[in-house]
Amino acid sequence: MAKRVAVIGAGVSGLSSIKCCLDEDLEPTCFERTNDIGGLWKFTTTVRSVTKRPDFSETGRWDVVTETEGKQERAVFDAVMVCTGHYPNPRLPLESFPGIHKFKGQILHSQEYKSPEGFQGKRVLVIGLGNTAGDVAVELSRTAAQVLLSTRTGAWVLHRSSDGGYPFNMVITRRCLNFITQVLPSRVLNWIQQRQLNKRFNHENYGLSITKGKIPKFIVNDELPTCILCGTVTMKTGVKEFTETSALFEDGTVEENIDIVIFATGYTFSFPFLEEPLKSLSTKKIFLYKRVFPSNLERATLALIGFISLKGSILAGTELQARWATRVFKGLCRIPPSQKLMAEATKKEQLIERGVMKDSSEDKLEFIQYLDDLAACIGAKPSVPLLFLKDPRLAWEVFFGPCTPYQYRLVGPGKWDGARNAILTQWDRTLKPLKTRIVPDSTKPASMSHYLKVWGAPILLASLVLICKPSLCLKPVRDHLQHRISPYLMRIW
């Protein structure tokens, strides 16, 4: 008999969880409370409570109480997957802005912002500099009279396209770069990174440079620098104080006649349907084993899916989380005992409170390292050295190419026969929609210096990786490299 699993939330994490449940012959039931954009399915069921059953220590089962149109129902589930996302509760820190209650203009959180209509001719102040703040500021710059963008920290601005016009996320998310970041000192990496980012435009000249002593932050925005250059967006320091119609900034400047303030100050997440102490503990990522399983449960039958920040696609991360969680539910994968997990997490928390170690629980996770960690738990992590021996052409693409989810379908549970071909042809599919106008014989032969620039660093790195391998593997690698040259190998730096 299939185990029944409650999936709370029908967003991207919930859909991945449903799919993974079905792949493992589990029986998922999904609950979604909203009937607006946010949940991908228009349900109107709210989960009121998720509590342990009296026999939880033996069975790991949960009582789930839901409410639909005022009517409550209770059901028993063998496991629960919480997929409510990072963004249910807007964070509006008004207490940090003296005088804000005197302000007579309109105050919004970015969650309430839907379109630039209604902002025509207004002077708008956007507070914060994350991806949302940048997008809102750029969009409003086309209709508002003036947009002011306030930040205390600054940010590095990334573009969606990399050198040569290739998608930045595909070019940057590669195992070869991940290998380099683990080998080189952080100071060297930061110097290289800053040098590259300032090549496109000098962040200091645009008022975007990181404040000294602050943790570097990155946003993706193609238009923000142009808007600043054109004057439709004006960068400002942090707000020191509000008056009835104006804002005083930390650098002493004042902006008068502000009509609207939009707080793009993020979100807080909570689990009101869980019981204590599980509810409080689950909000502390330090007490989540691999960011998925609460440390205090004697039975690992509740998983939090999607409560991560990744330096890459969160969709790939949530899918692997769900693949791992469902196999834990079935008993095919095991996690350490709750006593051990709680002891380790408590000790780490104490060290953080004493200032002995840094709290990195809120930092963005390294994409490849985190996904490899999860994949290793289910036996789906690809072995690059083994691939170089068995399939050099595929190994080259896996190591130097984009680390896409196909790589975690090459081996282990969930193995897909089409994964190899999908990896070898992923750049063809990426570029095909762009090539709507083909000009015959438009390309010119590349110079020798061009080839050295493109291939020098990757080949050198490959040589270093393979140097400790038997010479037997070098000939097939060399032979297979001649069959395919992928466009993303422009340069390592």
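Which residues does Phe329 touch, not counting residues up to four places away in sequence?

Modeller: This is a predicted model: local features need pLDDT of at least 70, and side-chain atom pairs count only at pLDDT 80 or more, while totals for chains, interfaces and linings use all residues. Residues are numbered from 1 along each chain as its sequence is written, and side-chain values use heavy atoms, with hydrogens and water left out.

Now to your residue. Leaving out residues up to four places away in sequence, Phe329 touches Lys3, Val5, Leu26, Ala79, Val80, Met81, Phe293, Ala300, Thr301, Leu302 and Ala303. A contact here means heavy atoms within 4.5 Å. Take Ala79 from that list. Along the chain, Ala79 and Phe329 are 250 residues apart, yet their C-alpha atoms are separated by 6.9 Å. Phe329 counts as buried because its relative accessibility is 5%. The cut-offs are these: buried is under 20% relative accessible area, exposed is over 50%, and partly exposed is in between, using a 1.4 Å probe and protein chains only.

Phe329 belongs to helix 9. Helices (DSSP H or I, at least four residues) and strands (E, at least two) are runs numbered from the N terminus. Helix 9 covers residues 314-329, which is 16 residues. From first C-alpha to last, helix 9 reaches 22 Å, close to the 22 Å expected at 1.5 Å a residue. The expected span is 1.5 Å times one less than the number of residues. Most of helix 9 is covered, with 13 of its 16 residues buried.

Look at the ends of this helix next. After helix 9 comes Gly331, with a positive phi near 85°.

What packs against helix 9? Helix 1 does, through its buried residues, which also pack against strand 1 (4-8), strand 2 (27-31) and strand 6 (79-82). Those buried residues are Ser13, Gly14, Ser16, Ser17, Ile18, Cys20 and Cys21. Helix 1 (residues 12-23) has 12 residues and reaches 17 Å, close to the expected 16 Å. Just after helix 1, Asp25 has a positive phi of about 60°.

Pro405 touches Ala316 and Glu319, again not counting residues up to four places away in sequence. Pro405 sits in the loop between helix 13 (392-400) and helix 14 (419-424). Its C-alpha is 8.8 Å from that of Leu320, although the two are 85 residues apart in sequence. Pro405 is partly exposed, because its relative accessible area is 38%.

Some backbone details stand out against a general rule. Most residues other than glycine have a negative phi, and most peptide bonds are trans. Lys290 has a positive phi near 55°, and Arg291 has one of about 65°. Lys290 lies in the loop between strand 19 and strand 20 (293-294), and Arg291 lies in the loop between strand 19 and strand 20 as well. Lys290 counts as partly exposed because its relative accessibility is 21%. Arg291 counts as buried because its value is 14%. There is also a cis peptide bond from Glu276 to Pro277, with omega near 0°. Pro277 lies in the loop between strand 18 (267-268) and helix 8 (278-282).

Finally, step back to the chain. The chain has 17 helices and 21 strands. Of its 493 residues, 44% are buried. Among contacts with a separation of 6 or more, 67% join residues 24 or more positions apart. The pair of Phe329 and Ala79, 250 residues apart along the chain, brings us back to your question.
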